[in-house]
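Dear colleague,

I am handing over the structure below, and after it I set out what was found. Please read the notes with the coordinates open beside them.

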Amino acid sequence: MRDQETQVQAVGGQVIAVAVSSVFAQQAFARHLGVSFLLLSDWNRTVSLAYGVQYDVWRGHQGVAKRSVFVIDRQGIVRHRWVTDDALVLPDFDAAIAVLQQL
């Protein structure tokens, strides 16, 4: 992920992660992985619902966010969207970076 983050930053982008876990869980996750990008908590599930990336039920849990990647331009327009129903599938970061490079 560090290589992709560097590529995003090289073209003026910013990596931000959003998860439905608590702020405290996000902080522990960031420390454990040593991530340098911003991690935001969507504890109330408003962001995942608004972006249409929320499971109805996943492994017995309601309101869990699907693994997804968005490229959003400076005007707030979504230019790229990648979403999977399989939480074990990793995103295609190269496709997102290619879109970002064209902006």
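Tyr51 lies in the loop that runs between α3 (46-50) and β3 (57-58), in what is, please bear in mind, a predicted model. With a relative accessibility of 34%, Tyr51 counts as partly exposed. It belongs to a nonpolar patch on the surface, which Tyr51 forms together with Ile16, Val18, Leu38, Leu40, Val47, Ile72 and Val78, and these residues have about 600 Å² of accessible area together. The elements that contribute two or more residues to this patch are β1 (16-19) and β2.

**Val35**

Val35 sits in the loop between α2 (23-33) and β2 (38-41), and Val35 is partly exposed, its relative accessible area being 22%. Leaving aside residues up to four places away in sequence, Val35 touches Arg2 and Ala30.

In helix α4 (residues 93-102), Ala96, Ile97, Val99 and Leu100 are buried. Because these residues cover an arc of only 160° around the axis, they fall on the same side of α4, whereas Asp94, Gln101 and Gln102, on the other side, are exposed. The buried residues of α4 pack against α1 (2-10), β5 (68-72) and β6 (78-83). At the start of the helix, a side-chain oxygen of Asp92 comes to within 3.3 Å of the backbone nitrogen of Asp94.

Notes. Residues numbered from 1 in each chain as written. Predicted model: local features only at pLDDT ≥ 70, side-chain atom pairs only at ≥ 80, totals over all residues. Heavy atoms only, no water. Buried < 20%, exposed > 50% of the residue type's maximum accessible area, 1.4 Å probe, protein only. Helix = DSSP H or I, 4+ residues; strand = E, 2+ residues; numbered from the N terminus. Arc of directions from axis to C-beta. Contact = heavy atoms within 4.5 Å. Polar contact = N/O pair within 3.5 Å; in protein donor to acceptor, adjacent residues only side chain to side chain. Patch = residues over 30% accessible without salt bridge, like charges linked within 9 Å, V, L, I, M, F, W, Y side chains within 5 Å. Areas by Shrake-Rupley, 256 points an atom, 1.4 Å probe, with all protein chains shown as cover. Salt bridge = Lys/Arg side-chain N within 4 Å of Asp/Glu carboxyl O.
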